[in-house]
Amino acid sequence: MTGRLHALFLHRFSPRYNRLAGERKRALFASLSGPVLEIAAGSGANFDYLPAAIEWTGADPNPHGAAYCLRAARRHHIPAHWTTAPAERLPFADGSFAHVIATLALCSVHQPAAALAEIHRVLAPGGSFVFLEHVAAPDGSPTLRRQRLLRPIFRCCFHCNPLLDTAALIASAGFASLELDRFRLPIPIVGPHIAGRAIR
């Protein structure tokens, strides 16, 4: 899928996903303030839930998401800046952000461990990494077997790895503390999810 088509797909898919995950997003983002970085910002699916008090920066390797994100930011009166950059190589100084957010993001980066190292680096001391991600299903489950079978299609069509053990990656990324909740959404293949907050 080309960059332009992928941005359009995310723009069309996001409202459906938000009907399932919106209340979790609202709870996760309610306390955010100050400079906030969103990695793999996509098409701006989170603006309906972000507080107006933040200063938003989006980073994504696909430049075609910028117009969607900046239009959503204007609609919500949130100061916004876009940077075309992958999560593994963020062009920001150490400690630049009070918070970093990622929703359905780490599954899409080529090197999630490197992306988490960059998130840790650009967070200010005491800052939070707030995440909502689909993850690999439990060992031996029918869903895991389907994820293994369909992984090549997900990688090719959606730039997504459904088999990622994101919880383990976050736990090993050097954060001072981690709060994490596991749950399931009624979505085929990528229903298993985690959400939470890690403090630098």
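Predicted model: local features only at pLDDT ≥ 70, side-chain atom pairs only at ≥ 80, totals over all residues.

Author: Residues are numbered from 1 along each chain as its sequence is written, and side-chain values use heavy atoms, with hydrogens and water left out.

Reader: What makes strand S1 and strand S4 a pair?

Author: Strands are DSSP runs of E with at least two residues, and helices are runs of H or I with at least four, numbered from the N terminus. Two strands pair if DSSP finds at least two bridges between them. S1 (residues 34-39) and S4 (residues 97-103) are joined by 3 bridges, so they pair, and they run parallel. Leu37 stands opposite Val100 in S4.

Reader: What is the strand order of the open sheet?

Author: The order of its 7 strands is S3-S2-S1-S4-S5-S7-S6, with mixed pairing. Strands S3 (80-84) and S6 (177-184) are the edges, since each pairs on one side only.

Reader: Why is Thr103 called buried?

Author: Buried means under 20% relative accessible area, exposed over 50%, and partly exposed in between (1.4 Å probe, protein chains only). Thr103 has 11%, therefore it is buried. Thr103 is found in strand S4.

Reader: What makes the link between Thr103 and Asn46 a polar contact?

Author: The term requires a pair of N or O atoms within 3.5 Å; within protein, one must be able to donate a hydrogen and the other to accept it, and residues adjacent in sequence count only if both atoms are side-chain atoms. The side chains of Thr103 and Asn46 are joined at 3.0 Å, so the distance meets the cut-off.
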